[in-house]
Amino acid sequence: MDGKRPTVASRHGVVAAAHPLAAAAGARMLGRGGNAFDAVVAAAAALGVVEPSMSGLAGIGAATCWVAGDKRMRTLAFRTAVPAGFPAGRFSRRAELSAGAMAVTAPGNLAGWYNLLSAHGTRTLGDVLAPAIALARDGVPLTAFNTAGINQAAASWRGQPGFAAWSAAYTGGQDEVRQGQVLRQPDLAATLEAIAAEGTRQLYGGRLGQQIVAHVQSLGGCLTMADLEAVSPAWGRPVSAVYRDLVVHTLRPPSQAFEFLLTLRILDGFDPGKAARDGAGHLDAVWRAVRLAALQRMAHPNPSPEVLDDIFAEEAVARLRLRLIDGQPIEGKLEPSEAPAPHATALSAADRAGNMVCLTQSLGAPFGCGVVVPGTGVCLNNALYWGDPDVHATDALLPGRMLTSPLAPSVVTRGHVPVLALGTSGGHGICQIQAQALVDHVDFGRSLQDAVAAPRALLCDGRRVVAESRFSARVLEALRARGHAIESPAAWMVQAGGLQAVVVDPVTRVITGAADPRRDGYVATA
Amino acid sequence: MDGKRPTIASLHGMVAAGHPAAVQAGAKLLAAGGNAFDAAVATAAALGVVEPGISGLAGMGMATCYIAAEQHVRTLDFVPRLPAAYAGGGLGCGTPGNLAGWCELAKAHGRKKLHDIFAPAVALARDGHMLIEFAGASTIKARHALQELPFFEDWRSTYLGHGSGAPGPGHVMCQPDLARTLETIASEGPEHFYRGALGRKVIAHLQSRGGCVTMPDMAAVSPLWLEPLAAAYRGLEVHAPPLPGDGARFLRALRILDGFDLAAMERGGADELDTVWRAIRLAAEAGGSLPDESVATLRARLRAALPVETPQPPDPVLTSSFAVVDREGNAVCITHSLGGLFGCGVVVPGTGICLNNLLPREPPGAGLALPLAPAIATRDGKPLLLLGSPGGDGGSQAQLQVLVQHLDHGLAIQDAIEAPRARLGAGQLVQAERRMPAAAVEALRRRGHVVEAAADWTDPVGAVQAIAIDQQSGDPQTAVATGGADPRRDGYVAVP
């Protein structure tokens with residue numbers, strides 16, 4: 001007994017999400033005979049209600065899933081392209097697209113949810129949206145994390161055009177909320193009800209789409225109905241890499257999730273598990289591997305299939321492994337300039353039939369671009385903030401361009417059987433965070449929940465490392481001596497992610513969930 | 001954020017109990033349109049599957065319920081009378097009361113069929129559940145404790161014979177017999193057990209092991225709705241069970257403490273702890289429900305700072321507590337028990353039923369008295385707080401300490417539960433969780449308390465599961481419930 005949360009396990013199905021009421025929404029689907037796809041979509045939709053700063057139907061996202069019936073791994077990217085009418089070259093700084101209607105891309109999440117559901121779910125859109133509708137209509141008591149997020153956003157946006165509509169939606173027009181206050185979103189409830197009744201066409205061609213487009217255009221944005229109608233989530237085959245006796249699967253470029261896999265490939269040449277857990281040897285190896293992989297991603301932000309093969313070629317990985325142990329500092333830029341503060345939410349689910357789904361979704365920044373479409377309760381994304389105003393850059397904001405994305409929902413197999421799903425928020429730290437947690441679980445045998453809660457570090461530009469202060473001071477001192485420029489500001493850092501994962505024991509078929517205490521992570525069972 | 005559990009708050013009802021699978025069973029009933037009574041019974045039945053050493057249909061218990069339709073708090077007593085032939089000694093197995101209690105709760109105030117209510121427990125028993133921290137450790141402990149008994153093989157094959165993996169955390173326990181038993185009861189009703197074939201099978205086996213319960217004892221089982229005891233505390237009315245429950249002791253301590261301004265004392269400081277601990281001891285020493293002048297006397301004794309000694313407490317009884325609320329305003333708090341770990345250790349072959357050992361070695365003068373004190377606090381007639389704790393006579397001590405943290409110091413219910421607690425034992429002995437401030441503990445030793453440092457977290461100080469309700473809106477439909485679950489066991493909160 002140590003004051004920790006209990007292990008949450010079930011043979012019937014598990015959902016792990018960043019908010020208790022969202023995980024419960026997913027669990028409700030499992031409890032009524034739905035599968036992991038139904039559960040993930042219900043939880044994803046509920047997250048847009050209970051954690052409205054982090055995601056919503058107008059955000060973008062991605063999923064990796066094991067389809068038990070077909071015995072295959074699939075990925076679904078529901079990012080959307082730069083609008084066709086985007087004025088390329090007009091902007092010179094990313095920050096110009098941090099707020100306001102010009103930052104908006106077409107909503108991808110609703111289409112993504114619908115694709116997951118219609119391809120592999122068992123319930124109707126109405127069934128899976130029902131918990132989200134009830135939460136929006138009846139209200140959600142605000143947690144400390146909700147409260148801080150809303151109050152920070154209110155403080156930073158006060159005075160911007162459209163602030164009144166945002167404030168009406170999330171603070172009842174008070175511009176401020178307190179913990180425990182009930183957030184009701186009747187407009188969003190009505191919007192979700194209309195979608196449940198009439199389908200996603202409401203948004204992609206229908207009345208809701210018209211409302212969004214008209215409002216965006218009235219604020220000077222460039223989104224059109226044609227952009228909405230062009231939204232088409234892309235199913236694909238994953239990119240996969242071997243780590244120990246596991247194969248880790250995640251999204252292909254333009255997702256940058258390959259950085260996660262490359263980190264693991266580098267570490268596969270070592271046995272960090274032989275070192276002391278959380279000791280200098282363990283952390284130095286993992287941090288150097290993370291840096292090496294991130295530098296590759298910076299060098300090749302959107303690699304072609306051929307370049308991707310080259311990056312993962314044995315000789316190329318072997319060179320990186322040698323670099324890991326050469327004792328020389330590894331430094332460089334790990335993020336594009338003016339990178340946005342990351343905000344996303346990750347969830348994982350598994351069911352008794354053997355399906356496993358991991359989904360990560362985002363509005364770009366907290367509450368996206370801050371524009372709430374009046375009468376709809378829908379908050380729009382600022383995904384274009386992640387693009388580059390330089391028209392020659394890889395992520396150039398050019399009409400029709402599909403931007404890269406750090407979202408990296410992942411599923412892990414052992415012997416062609418899925419055993420683990422994990423995903424996190426954290427922007428350009430996502431791959432770093434997932435690698436640290438996986439090493440903790442796989443190499444050090446930490447239980448999944450302990451691995452999720454274990455102290456983590458974020459590796460930043462140059463030699464800068466921001467590490468949770470729960471690492472031992474002595475170890476951090478030893479790592480400083482090895483050249484890491486370490487800050488340790490807090491015991492728990494929200495920027496170190498919100499990782500939600502499930503693990504399945506292939507013998508007993510027991511599914512165990514893990515949820516990140518850095519946010520309001522919670523695990524619910526069928 | 002700080003690594004703690006998330007706050008779990010909902011307008012749609014919730015369940016707080018000592019096991020994640022059991023709370024989910026209750027939440028499932030709430031999600032399917034059941035009310036707090038349906039959910040409470042589903043949770044109780046599921047606890048019987050996932051913590052079979054402490055809970056089960058053959059145990060006994062008491063429920064404190066706020067019935068929204070009546071706007072009234074009532075207690076259900078499902079501690080059956082002593083068996084007619086009971087003369088002390090033996091296995092100590094009393095007449096099973098839990099199943100009767102569950103069925104009465106569901107029939108009187110629930111709206112779901114027993115089949116639906118038992119469905120989650122049946123699925124857990126049939127398909128198996130993985131032993132987690134507390135339940136896993138309990139199973140290992142029980143296996144050592146019971147292996148010399150002549151009927152150990154029945155126990156072993158029931159709990160370790162159908163699953164996979166070594167006993168202890170990680171083992172998957174399947175209980176196909178119990179699944180069938182629950183299904184049969186769901187279709188045939190509790191009479192199957194209390195008057196029918198299942199009961200005869202259980203009684204025949206029990207008698208073959210030396211038990212004294214007879215079918216007439218079984219047929220006489222009839223849960224009783226009672227008026228709870230009540231006491232005022234800080235403007236609230238706190239309700240807890242009368243005999244055979246232990247609410248009186250809990251309420252006596254509250255009445256004594258109501259004369260002291262704990263909020264003005266340093267939280268966790270020596271003054272506060274000294275006051276609370278002495279109140280607990282004085283309440284244990286007194287008996288019955290107190291006239292006001294006795295309360296005044298006891299408060300004076302508390303202020304006099306003279307030592308208060310507690311007699312040796314009775315043998316520990318393991319209990320389990322849980323709380324449920326629904327969106328209609330109903331609230332149910334239950335504490336139940338099998339006696340020792342896995343009761344008397346007798347499992348009836350083919351049924352998955354484990355029998356209790358709640359009878360004392362010596363026949364009591366009056367009826368049974370058990371340490372059950374599930375409590376509901378109301379203000380202006382509306383429930384504000386449900387809390388219950390296991391811990392034998394320490395259960396009501398635990399409830400009191402959490403109540404003080406929550407009401408007097410304004411801690412959120414989860415924080416109030418996690419705050420370090422103490423268990424007061426015989427004489428002046430105190431087992432205090434090591435997280436208590438060292439300076440305060442030292443000062444308390446100087447005041448005469450014999451403080452032993454326990455672990456940072458230890459379950460002798462109880463395992464409180466609780467729900468706090470914000471009634472400010474004045475409408476049960478919009479009241480916010482916030483759950484609290486005790487990490488000293490595998491406590492968890494679920495919402496529909």
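How many salt bridges are there between chain A and chain B? The count is 2, a salt bridge being a side-chain nitrogen of Lys or Arg within 4 Å of a carboxyl oxygen of Asp or Glu. In one salt bridge, the side chains of Asp138(A) and Arg327(B) meet at 2.9 Å, N to O.

This is a predicted model, in which local features need pLDDT of at least 70 and side-chain atom pairs count only at pLDDT 80 or more, while totals for chains, interfaces and linings use all residues. Residues are numbered from 1 along each chain as its sequence is written, chains are lettered from A and ligands numbered from 1 in the order in which they are written, and side-chain values use heavy atoms, with hydrogens and water left out.

Between the two chains, 47 residues of chain A are in contact with 42 residues of chain B, where contact means heavy atoms within 4.5 Å.

Chain A also holds an open sheet of 7 strands, in the order β7-β4-β3-β11-β10-β2-β21, with antiparallel pairing; strands are DSSP runs of E of at least two residues and helices runs of H or I of at least four, numbered from the N terminus, and two strands pair if DSSP finds at least two bridges between them. Because β7 (234–236) and β21 (522–525) of chain A stand at the edges with a single partner strand each, one side of each is left without a neighbour in the sheet. Within the sheet, β3 (residues 60–67) and β11 (residues 356–364) of chain A run antiparallel and are joined by 7 bridges, and Ile60(A) stands opposite Ser362(A) in β11(A).
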